Amino acid sequence: LAAHNSSRLFPNLKSLHIRGNEMGDAVLQALSASNLFPNLSSIDVSENLIGDVGLQFLAGSSLLVNLCFLDMSGNQIGDTGMQAFAASSFTSNLSFMNVSRN
């Protein structure tokens, strides 16, 4: 992702499912810093060993602006990450969020 950060390779991509890859916080750090997916409305990053740091990256990202669906179940998110996410100004379109099994 970092190598293509300045371009928009997937301008029409609406849904990104990268479930169960155990990528950790780095996956949300890379997605949050990327301009590759400007129209994402659905993200499934469940079962990726994501913790508070990863969710903090996402909370500060404009990647959330069009997001309606977010599945982060089966990760390692705690109170700190959820507080950062709750304070995000980018979540106004979010209508579904799964954070079970964290």
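Predicted model: local features only at pLDDT ≥ 70, side-chain atom pairs only at ≥ 80, totals over all residues.
Residues are numbered from 1 along each chain as its sequence is written, and side-chain values use heavy atoms, leaving out hydrogens and water.

**View 1. Leu28 and its contacts.** Leaving aside neighbours within four places in sequence, Leu28 is in contact with Val45, Ile50, Gly54, Leu55, Phe57, Leu58 and Met72. Leu28 is also among the residues with the most contacts inside the largest nonpolar core, along with Leu31, Leu58 and Met72. That core has 20 residues (a set of buried Ala, Val, Leu, Ile, Met, Phe, Trp, Tyr and Cys residues joined through side-chain atoms within 4.5 Å). Helix H1 (25-33) and helix H2 (52-59) each supply at least two of its residues (helices are DSSP runs of H or I, at least four residues, and strands are runs of E, at least two, numbered from the N terminus).

**View 2. Ser73 in its loop.** Look for Ser73 between strand E3 (69-71) and helix H3 (79-86). Is Ser73 buried or exposed? Ser73 is buried, with a relative accessible area of 2% (buried means under 20%, exposed over 50%, partly exposed in between, with a 1.4 Å probe and protein chains only). Not counting residues up to four places away in sequence, Ser73 touches Ser46, Glu47, Asn98, Val99, Ser100, Arg101 and Asn102.

**View 3. The open sheet.** Here 4 strands lie in the order E1-E2-E3-E4, with parallel pairing (two strands pair if DSSP finds at least two bridges between them). Strand E1 (15-17) and strand E4 (96-98) stand at the edges, each with a single partner strand, so one side of each has no neighbour in the sheet.

Definitions and conventions:
Contact = heavy atoms within 4.5 Å.
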